[in-house]
Amino acid sequence: MTAMGDTLRRAGRAVLAPALSFALLAGFPGESAAAVGVLKYTDAQGVEHRKENPPDGVCAYFESPAVNVTNGTGTDAALYRDRECTDFLIYVFKGTRLEFGGDRPQGIRFG
């Protein structure tokens with residue numbers, strides 16, 4: 001092997017190692033992260049709803065406004081007054097439960 005070939009091979013390894021490390025930490029394209037666990041909420045009619053492993057970064061809406069929300073996942077979430085996740089209400093941190101009287105959330109986004 002020539003000196004030039006050895007140099008190129010070492011340079012390729014130097015670039016490849018950090019790129020692979022980043023891919024392992026950030027995830028591969030097309031792979032979406034999820035809030036592992038169960039989100040529970042109760043609507044005004046007293047019906048409990050469950051969402052298992054909800055995706056991160058995606059706005060989801062409740063079928064009807066929630067009177068309580070239990071975040072049984074390992075990820076914090078933002079609650080919104082609307083279904084489009086534009087009118088921020090409050091955070092529901094991982095492992096916590098919130099009760100609502102007046103303003104009731106209709107949208108949620110994890111992550």
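In this predicted model, the sulfur atoms of cysteine 59 and cysteine 85 lie 2.1 Å apart and form a disulfide. The count of disulfides comes to 1. The link of cysteine 59 and cysteine 85 is right-handed, with 85 degrees about the S-S bond. The pair joins distant parts of the chain: cysteine 59 sits in the loop between β2 (48-52) and β3 (60-61), cysteine 85 in the loop between β5 and β6, and 26 residues separate them.

The two cysteines fall into separate accessibility classes. Cysteine 59 has a relative accessibility of 27% and counts as partly exposed. Cysteine 85, at 7%, counts as buried, because buried means under 20% relative accessible area. Cysteine 85 also has a positive phi, near 60 degrees, although the residue is not a glycine.

Asparagine 53 is another non-glycine residue with a positive phi, here about 50 degrees. Asparagine 53 belongs to the loop between β2 and β3, which is also the loop that holds cysteine 59. With a relative accessible area of 41%, asparagine 53 is partly exposed.

The accessibility of the residues discussed here is set out below.

| Residue | Relative accessible area | Class |
|---|---|---|
| Cysteine 59 | 27% | partly exposed |
| Cysteine 85 | 7% | buried |
| Asparagine 53 | 41% | partly exposed |
| Phenylalanine 62 | 0% | buried |
| Phenylalanine 93 | 46% | partly exposed |

As for the chain as a whole, it has 1 helix and 8 strands. Of the 111 residues, 30% count as buried. The accessible surface comes to about 7,100 Å², and carbon and sulfur atoms account for 58% of that area. Among contacts between residues at least 6 apart in sequence, 51% join residues at least 24 apart.

The largest nonpolar core contains 13 residues. Leu39, Phe62, Val69, Leu79, Ile108 and Phe110 have the most contacts inside this core. Two or more residues each are given to the core by β1 (37-43), β4 (66-73), β5 (77-80), β6 and β8 (107-110).

Phenylalanine 62, one of these core residues, is found in the loop between β3 and β4. Phenylalanine 62 is buried, with a relative accessible area of 0%. Leaving out residues up to four places away in sequence, phenylalanine 62 touches Leu39, Tyr41, Val69, Leu79, Arg83, Pro105, Gln106, Gly107 and Ile108. The C-alpha atom of phenylalanine 62 is separated by 8.7 Å from that of histidine 49, a residue 13 places away along the chain.

Isoleucine 108 is a further member of this core. Beyond its neighbours within four places in sequence, isoleucine 108 is in contact with Leu39, Val58, Cys59, Ala60, Phe62, Ala77, Ala78, Leu79, Tyr80 and Cys85. That list includes both cysteines of the disulfide, along with Phe62.

Phenylalanine 93 lies in the loop between β6 (88-92) and β7 (97-99). Its relative accessible area is 46%, and phenylalanine 93 is therefore partly exposed.

Technical notes: Residues numbered from 1 in each chain as written. Predicted model: local features only at pLDDT ≥ 70, side-chain atom pairs only at ≥ 80, totals over all residues. Heavy atoms only, no water. Helix = DSSP H or I, 4+ residues; strand = E, 2+ residues; numbered from the N terminus. Buried < 20%, exposed > 50% of the residue type's maximum accessible area, 1.4 Å probe, protein only. Core = buried A, V, L, I, M, F, W, Y, C linked by side-chain atoms within 4.5 Å. Contact = heavy atoms within 4.5 Å. Disulfide = S-S within 2.5 Å. Areas by Shrake-Rupley, 256 points an atom, 1.4 Å probe, with all protein chains shown as cover.
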